[in-house]
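Student: I am new to this structure. Can we go through it in short questions?

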Amino acid sequence: MARVTVSEPVGTVTAVGPRRVPALWRFLPLAFYLLAFSLVRGVADLSLHLYFAAMVLYVGGMFFYFAYFAYRTEALRWLGITLVLPGAAIQLGAIVSRGFADGHYPLANMYEYSSMLALVAVSVFLLMTVRWPVASLGGGVALFVVVALMGIGYGLYQSPEPLVPALQSYWLKIHVSSMMASSGILVSSFVFAALYLVKDRSASLKSWLHDSAIAIRLPSLETLDRLTFRAILLGFPIWTFGTMAGAIWGEHAWGRWWGWDPKETWAAITWIIYAIYLHAHTLRAWRGRRTALIATAGFISIMVTLYAVNLWIVGLHSYARGAG
């Protein structure tokens, strides 16, 4: 497969010049820090308090990343980072403290899984912005998705803990960790694919986005396509490994490698969608809007695999079905 690079600097994304940051905005991070600090109190349910504190900082970071998208001032991006980085550290503390408090591997139910998924998505996004600064333009959307995932996770806070000890093995930890990591990475691919579709739609004279400020400020279609491709190129092999680890765990737990359980079936569907994406991306005629739509379908399939199947479809993966 051809080597792909993302070299478009932020300054060449648009003809709109940078604007000055309102002075008051420089003090806004302090307000988010104080609000987050006020949520952390006592040791009872410390993990949940840290969870909300991290969410507050992510919301603040989302505000500054959207402002950075609008004003194109580097100071705003750094203000966003000063909120998001501590938020990620606090969320990691929430995950670790819950694991110690409950005495189990902190990926046991949908609340814990959603929390770790959000943390991985934030971490991957930050690493992508270090490697490709232009990715910062998608920061507001990425953090919106992260906050949404955390909101869903809190809604499932009382979801039951998983399987009986007889079905536990180290392969379960490997399987769940791999699926969570790949899902978090693929969140970024969805963000950039969605932005690609917005940018592409703006080219139509009939679209309300045509010549809009939003479309003008977005990176080029080529850059968005490459960012999507990079994220999938990293996440797909991990999803593949996680699916294989799940088959090994299934053999340990139920004596079969594959049983067409709804969860297994949707994991396979997701794998097929991303495999189609990677193949289509090698075909110049398919690259662009079609591959962006395939990447979006892949993310929807992940959400079905992680949430819809667990909550609404009865199967062997009953450890996260419903809210306790």
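Student: Are α8 and α10 parallel, perpendicular or oblique to each other?
Tutor: This is a predicted model, in which local features need pLDDT of at least 70, side-chain atom pairs count only at pLDDT 80 or more, and totals for chains, interfaces and linings use all residues. Residues are numbered from 1 along each chain as its sequence is written, and side-chain values use heavy atoms, with hydrogens and water left out. Helix α8 (residues 221-254) and α10 pack at about 40 degrees, with axes 11 Å apart; axes are lines fitted to C-alpha atoms, for helices over the stretch in contact, and angles run from 0 to 180 degrees between N-to-C directions. Angles under 35 degrees count as roughly parallel, over 145 as roughly antiparallel, 65 to 115 as roughly perpendicular and the rest as oblique, so α8 and α10 are oblique.

Student: Which residues of α10 meet α8?
Tutor: Contact means heavy atoms within 4.5 Å. On the α8 side stand Asp225, Thr228, Ile232 and Trp239. Their partners in α10 are Thr291, Ala295, Ile302 and Thr305.

Student: How many nonpolar residues does the contact of α8 with α10 have?
Tutor: Ala, Val, Leu, Ile, Met, Phe, Trp, Tyr, Cys and Pro count as nonpolar, Asp, Glu, Lys and Arg as charged, and the others, Gly among them, as polar. By class, this contact has three polar residues and one charged. The nonpolar residues number four.

Student: How many helices are there in the protein?
Tutor: Helices (H or I, at least four residues) and strands (E, at least two) are DSSP runs, numbered from the N terminus. The protein has zero strands. Its helices number ten.

Student: What is the crossing angle of α6 and α10?
Tutor: Helix α6 spans residues 170-201 and helix α10 spans residues 289-312. Their axes come within 8 Å. The two helices are oblique, because they cross at roughly 140 degrees.

Student: How many charged residues are in the contact of α6 with α10?
Tutor: From α6 come residues including Ser183, Phe190 and Asp200, and from α10 residues including Arg289, Phe299 and Leu306. By class, twelve are nonpolar and two polar. The charged residues number two.

Student: How are α2 and α5 oriented, parallel or antiparallel?
Tutor: The axes of α2 and helix α5 (residues 139-155) come within 8 Å. They cross at roughly 155 degrees. The pair is therefore roughly antiparallel.

Student: How many charged residues are in the contact of α2 with α5?
Tutor: In α2, Tyr58, Met62 and Phe66 are among the residues that meet α5, and in α5, Leu143, Val146 and Met150 are among their counterparts. By class, this contact has 18 nonpolar and five polar residues. Charged residues: no such residue.

Student: Which residues touch the most other members of the largest nonpolar core?
Tutor: A nonpolar core is a set of buried Ala, Val, Leu, Ile, Met, Phe, Trp, Tyr and Cys residues joined through side-chain atoms within 4.5 Å. The largest has 90 residues. Those touching the most other members are Tyr58, Val122, Met150, Ile232 and Tyr307.

Student: What share of the 324 residues do buried residues make up?
Tutor: Buried means under 20% relative accessible area, exposed over 50%, partly exposed in between (1.4 Å probe, protein chains only). Buried residues make up 54%.

Student: Is Ala94 buried or exposed?
Tutor: Ala94 is found in helix α3. Not counting residues up to four places away in sequence, Ala94 touches Ser47, Leu50 and Tyr51. At 2% relative accessibility, Ala94 is buried.

Student: Which residues does Ser47 touch?
Tutor: Ser47 is found in helix α2. With a relative accessible area of 9%, Ser47 is buried. Leaving out residues up to four places away in sequence, Ser47 touches Ala94, Ser97, Arg98 and Tyr111.

Student: What is the phi of Arg72?
Tutor: Arg72 is found in the loop between α2 (46-71) and α3 (74-102). At 11% relative accessibility, Arg72 is buried. Most residues other than glycine have a negative phi. Arg72 has a positive phi, near 60 degrees.
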